[in-house]
Amino acid sequence: MTPAAPSRPGPPAPRRAPLSDRTAVVLVGCFLMLQPLATDFYLASLPGLTRTFAASIATVQLTLSVFILAFGTMQLVIGPLSDRIGRQPVILGGLALYLLASVACALAPSIELLIAARALQAVGCCAAVVVARAIVADVFDPLHGAKVMAQASTLLAIGPLLGPILGSWLEVRYGFRATFAVVALFAAVLLAATARKLTETNEGRDPLATRPRSLVRTYARVLRSPHFLSYMLVGAASYAGLFAFISGSSFVLIRVVGVATENYGYCFSFGVLGYMGGTIACRRLLAARGMVRTLKFSSAVSAAAGLAMAGLAAAGVVHWAAIVLPQFVYMFAHGMNFPCAQAGAVTSFPRQAGAAAGVLGFLTMAVAAAVGWWIGASNDGTVIPLTFTIAAAALVVLAAAWGWVARLVPVPSPQQRLP
């Protein structure tokens, strides 16, 4: 008999078809939508929660601030976890937790249990958002990734566009519990769709990603990166201005300006129309001008909107249009600022995309939580704290885009990184 030939490794196991652009946009858009659904959908219920649970405004604000803190902190864990075990198991577990926590929010008998359920909801939401950003970094180069994020952001805008309107209607007719029931239904549908459609995109899993020493080295590398810090500052400051509006607009518009509760959702959704328009404009500007020139333009628009809002408030103009119209322009700019900032910050780290996305999310949410606390603490029955905070955030966006991002050396594409 002829001796057997030495064994050779067989061909690699066949893989499922790669994630298409269309599937990526739809899934990433829906994953990102979970956060505005969890924050914007029940905004009209915030004043009513003070009566339902006999709680102070500051206590009710904790349902937002605790969510943001938990959402931001857990990104430091969930990002590296997805680098280690893959994107798919992390996001499926996160969606399941988000669903169960939303049901718990709908059934909460006290403000304390509602706050606790919101913290759990934030952890599930965190998994979806971190993995969404990491998927984009896994599959696309920085410019293409920014375009995909802009397309996904157009889709996610449906949530904050229709959510406050539906939330206002549900609050007036059924109370806050109905809003969380609808969120739970959306999460259940998304969980089923994700289990069916999402393929694993992390092809270079790192078994050391969650070890403490490895985490410290990775986070140190991320935080030393000028690309990360520059884009992170743009994104965090732009989101801070948006979160100031999210956390304070219902109290200011309903209690200070006198907008009816059932009409508040229209005021908020009008601003979201600006955001949606910004994401559409972002895709076109990226193709024509590239990321840096797009950010320089959008940051200037942010500053103009913020200064206009603060100027009207300083002049004593107390009218819904003096807040809502400048916020429309601010959110138009945010629709360009944020997709570019997310793609620019994360795509510098192809093998640690989850960790980089986690640090980005943590820092963004930490700033937002501080702003949310400030909006609650500085509430003096006028429009000044809200409008001046948004203006300050806009000026930081302008300084970061023109002073830092504009001076960066472009990051090579994934193909250019290969030896």
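The legends below describe close-up views of a predicted model. Local features need pLDDT of at least 70 and side-chain atom pairs count only at pLDDT 80 or more, while totals for chains, interfaces and linings use all residues. Residues are numbered from 1 along each chain as its sequence is written, and side-chain values use heavy atoms, with hydrogens and water left out.

View 1. The structure holds ten aromatic pairs (rings of Phe, Tyr and Trp, the last by its six-membered ring, with centres within 6.5 Å; planes under 30 degrees apart are stacked, over 60 edge-to-face, the rest tilted). The ring centres of phenylalanine 176 and phenylalanine 180 are 6.3 Å apart with planes at 85°, so this pair is edge-to-face. Both residues belong to helix 8 (residues 176-197) and are four residues apart, about one turn of the helix (helices are DSSP runs of H or I, at least four residues, numbered from the N terminus). Phenylalanine 176 and phenylalanine 180 are both buried (under 20% relative accessible area, 1.4 Å probe, protein chains only). Ring pairs join Phe176 and Phe180 with Tyr42 and Phe53 in a cluster.

**View 2. An aromatic pair between helices 10 and 11.** For phenylalanine 245 and phenylalanine 268, the ring centres are 5.7 Å apart and the planes are at 25°, so the pair is stacked. Phenylalanine 245 is in helix 10 (residues 226-257) and phenylalanine 268 in helix 11 (residues 261-289), so the pair ties together parts 23 residues apart in sequence. Phenylalanine 245 counts as buried at 1% relative accessibility, and phenylalanine 268 counts as buried at 0%.

**View 3. A lysine over a tryptophan ring.** The charged end of lysine 296 sits over the ring of tryptophan 402, 4.4 Å from the ring centre (the criterion is NZ of Lys or CZ of Arg within 6 Å of the ring centre and within 35 degrees of the ring normal).

**View 4. The salt bridge.** The structure holds one salt bridge (a side-chain nitrogen of Lys or Arg within 4 Å of a carboxyl oxygen of Asp or Glu). It is formed by the side chains of arginine 87 and aspartate 83, at 2.9 Å from N to O. Arginine 87 is buried, at 1% relative accessible area; aspartate 83 is buried too, at 4%.

**View 5. Phenylalanine 31 in the nonpolar core.** The largest nonpolar core has 139 residues, and Phe31 and Leu114 have the most contacts inside it (such a core is a set of buried Ala, Val, Leu, Ile, Met, Phe, Trp, Tyr and Cys residues joined through side-chain atoms within 4.5 Å). Helix 5 (residues 111-139) gives the largest share of this core, 18 residues. Leaving aside residues up to four places away in sequence, phenylalanine 31 touches Ile91, Leu95, Ala128, Val129, Ala132, Ile135, Leu190 and Thr194 (contact means heavy atoms within 4.5 Å).

Note on methods. Helix = DSSP H or I, 4+ residues; strand = E, 2+ residues; numbered from the N terminus. Buried < 20%, exposed > 50% of the residue type's maximum accessible area, 1.4 Å probe, protein only.
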